[in-house]
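Q: I want to learn how to read helix packing from coordinates. Can we work through a case together?

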Amino acid sequence: MHRFTIAVSWIFGILLLGLSLFVSLETVSRKLFNHSFQGADELGGYVLAICGSLAFTVALIERGHVRIDFLHDRLGPRLQAVMNLISLLFLTGVGLFFIRYCYTVIKDTLDYGSTAATPWATPLIYPQSLWYGALVVFFLACVLLLGCGLRDLLRGDIAAINRNFGPKGAMEELRDELDDLEQR
């Protein structure tokens with residue numbers, strides 16, 4: 001899964017750099033030549049929707065979701081494991097909510113043949129399919145990790161649950177940053 005987060009991070013970077021270049025060209029073209037390419041905002045919306053949806057998965061895998069851990073650290077290991085699994089269960093529920101209700105958006109787009117109300121008139125099924133696919137990836141990652149967590153619970157491996165699904169502490173984040181610095 002770590003390779004997945006690296007690949008997705010590269011995709012984020014490339015998409016956002018491409019968007020930045022396009023917006024820069026659009027700005028220069030407007031200023032110097034009084035000409036607009038039209039659609040920088042449209043393209044930006046698509047890129048941000050897709051990147052934002054994939055970011056859910058990266059945060060899940062890297063254990064980067066925000067949690068209020070002042071109470072978590074005061075609990076015993078068993079109760080921490082229960083809280084970690086409950087939070088993973090709720091994230092899976094959020095993923096299910098996304099794919100259930102965003103599917104209706106995709107279905108309506110297909111039924112109506114919707115296009116963007118912009119000069120490009122982009123058939124919305126293309127960007128929405130990528131956005132929906134990113135949400136499905138998030139849901140599947142949640143299900144996979146929840147399955148791993150339940151497997152660890154059945155084995156009685158409380159330490160593995162807390163290590164793999166608990167919030168990162170300050171020392172672990174520092175260690176990750178130092179490892180990343182070494183690799184550069």
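A: Start with contact: heavy atoms within 4.5 Å. Helices (H or I, at least four residues) and strands (E, at least two) are DSSP runs, numbered from the N terminus. This is a predicted model; local features need pLDDT of at least 70, side-chain atom pairs count only at pLDDT 80 or more, and totals for chains, interfaces and linings use all residues. Residues are numbered from 1 along each chain as its sequence is written, and side-chain values use heavy atoms, with hydrogens and water left out.

Q: Which residues of α1 and α2 meet?

A: On the α1 side, they include Phe4, Val8, Phe12, Leu15, Leu19 and Glu26. Among their partners in α2 are Leu43, Val47, Leu54 and Ile61. An α-helix has 3.6 residues a turn, so residues three or four places apart point the same way.

Q: What classes of residue make up the contact of α1 with α2?

A: Ala, Val, Leu, Ile, Met, Phe, Trp, Tyr, Cys and Pro count as nonpolar; Asp, Glu, Lys and Arg as charged; the others, Gly among them, as polar. Here the contact has 17 nonpolar, three polar and one charged residues.

Q: At what angle do the axes of α1 and α2 cross?

A: Axes are lines fitted to C-alpha atoms, for helices over the stretch in contact, and angles run from 0 to 180 degrees between N-to-C directions. The axes of α1 (residues 2-33) and α2 (residues 40-61) cross at roughly 160° and come within 10 Å. That makes the two helices roughly antiparallel (angle over 145 degrees).

Q: Is the crossing of α1 and α2 left-handed or right-handed?

A: A crossing is left-handed if the near helix is turned anticlockwise from the far one by less than a right angle, and right-handed if clockwise. α1 passes α2 in a left-handed crossing.

Q: How do α3 and α4 pack?

A: Their axes lie 9 Å apart, at an angle of about 155°. α3 and α4 are therefore roughly antiparallel. Their contact has 25 nonpolar, six polar and no charged residues.

Q: What is the reach of α4?

A: The expected span of a helix is 1.5 Å times one less than its number of residues. α4 has 31 residues and reaches 44 Å from first C-alpha to last, close to the expected 45 Å. Gly156 follows α4, with a positive phi near 80°.

Q: Which residues does UniProt list as "transmembrane region"?

A: The unreviewed entry lists 7-23, 43-61, 82-106 and 130-150. In the model, residues 130-150 are 100% helix, with end C-alpha atoms 30 Å apart.

Key
UniProt positions renumbered as here; feature names shortened; annotations may be inferred. Parallel < 35°, antiparallel > 145°, perpendicular 65-115°, else oblique.
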